[in-house]
Amino acid sequence: MKYNEIPHFSHPQHKLKFEYTETPFKCDGCKEVGIGSHYKCSICDYDLHTHCAIPSPSITHPFYTKCSFEFLPRPPGNVPRYCNACEKDVTGFVYHCNSCGFDLHPCCAKLPMVLNDGEVELYLYRKVGASCHRCGRKGRSWSYRSKCKKYNLHVACVKEMLVESWQEIYFGARNGNTRKLETRIPSLRGTLQNYHQKKSKGKVQKCSEMAALALQFVISAVLGDPTTLIAGVVGSLLSK
């Protein structure tokens, strides 16, 4: 459920308003990059993913059937923690299983099990035996895999494309440079073509186009807004 305006414990000074943006932002709750629907205090420039602004007190996940994850405003304990979905550090809001010690970023915890735009169907797996289209490695983090099983993308790899230089994305957007997102996303094109370099030129082109389309939806989901609208925004950036 979404509300136009909400109070939030992490920002008691002002209420947060529901907004939509095509400019990347840094979530002040989980400290991860976001885009699309979110809650914002324009006075303080304070942003929260929708999943961080209206979290569930506790959740379960089909990948961890024996776990119960509790929402926490900060990671428990004094040792560094990482997200079991994307393998990235947890530095803010988190879903934590006290009995198993597992942690999930709020947006990772709410990643759709299926992404479907009518043309491409992608299924979320805890582990995939096939190689990732970006890194070429197997295993690692959760992965999205196409129904035809030809396209695989680690959630961790997609995050790397976005998070390694989130400062550049975030501060570029703050300075009015909305095209900063391009510096992270189109880099997959060369990777895809290198990955399929043994195939004919026509097959490389087709495979790259299909994998890039799949990437649009994975990026949208990882950024906290798995909608066709945001996937289209990402797609327009990919095409420039």
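Student: Which residue stands opposite H49 in β4?

Tutor: In this predicted model, H38 takes the place opposite H49.

Student: And which strands are joined there, and by how many bridges?

Tutor: Strand β3, residues 33-41, is joined to β4 by four bridges, and the two run antiparallel. H49 belongs to β4, which covers residues 46-49.

Student: What is the strand order in the open sheet?

Tutor: The order is β1-β2-β3-β4, with antiparallel pairing. Because β1 (5-6) and β4 each have a single partner strand, they stand at the edges, and one side of each has no neighbour in the sheet.

Student: What holds strands of a sheet together in general?

Tutor: Strands of a sheet pair through backbone hydrogen bonds, and the pairing may be parallel or antiparallel.

Student: Back to H49: is it buried or exposed?

Tutor: H49 is buried, because its relative accessibility is 1%, and the cut-off for buried is under 20%.

Student: Which residues does H49 touch, leaving out those up to four places away in sequence?

Tutor: Its contacts include F25, C27, C30, E32 and V33. H38, C107 and L223 are also among them.

Student: I see cysteines in that list. How many disulfides are found in the whole structure?

Tutor: The search finds zero. A disulfide is a covalent bond between the sulfur atoms of two cysteines.

Student: What about C108: which cysteine has the closest sulfur?

Tutor: That is C83, but the distance is 3.9 Å, which is too far for a bond. C108 counts as buried because its relative accessible area is 2%.

Student: New topic: where does C132 lie?

Tutor: C132 is in the loop between β10 (121-125) and β11 (143-146). With 1% relative accessibility, C132 is buried. C132 and Y151 are 19 residues apart in sequence, and their C-alpha atoms are 7.7 Å apart.

Student: Finally, how many helices and strands does the protein chain have?

Tutor: There are seven helices and 12 strands. The protein chain has 240 residues, 51% of which count as buried. Its accessible surface is about 11,700 Å², with 50% belonging to carbon and sulfur atoms.

Definitions and conventions:
Residues numbered from 1 in each chain as written. Predicted model: local features only at pLDDT ≥ 70, side-chain atom pairs only at ≥ 80, totals over all residues. Heavy atoms only, no water. Buried < 20%, exposed > 50% of the residue type's maximum accessible area, 1.4 Å probe, protein only. Areas by Shrake-Rupley, 256 points an atom, 1.4 Å probe, with all protein chains shown as cover. Contact = heavy atoms within 4.5 Å. Disulfide = S-S within 2.5 Å. Pairing = 2+ DSSP bridges.
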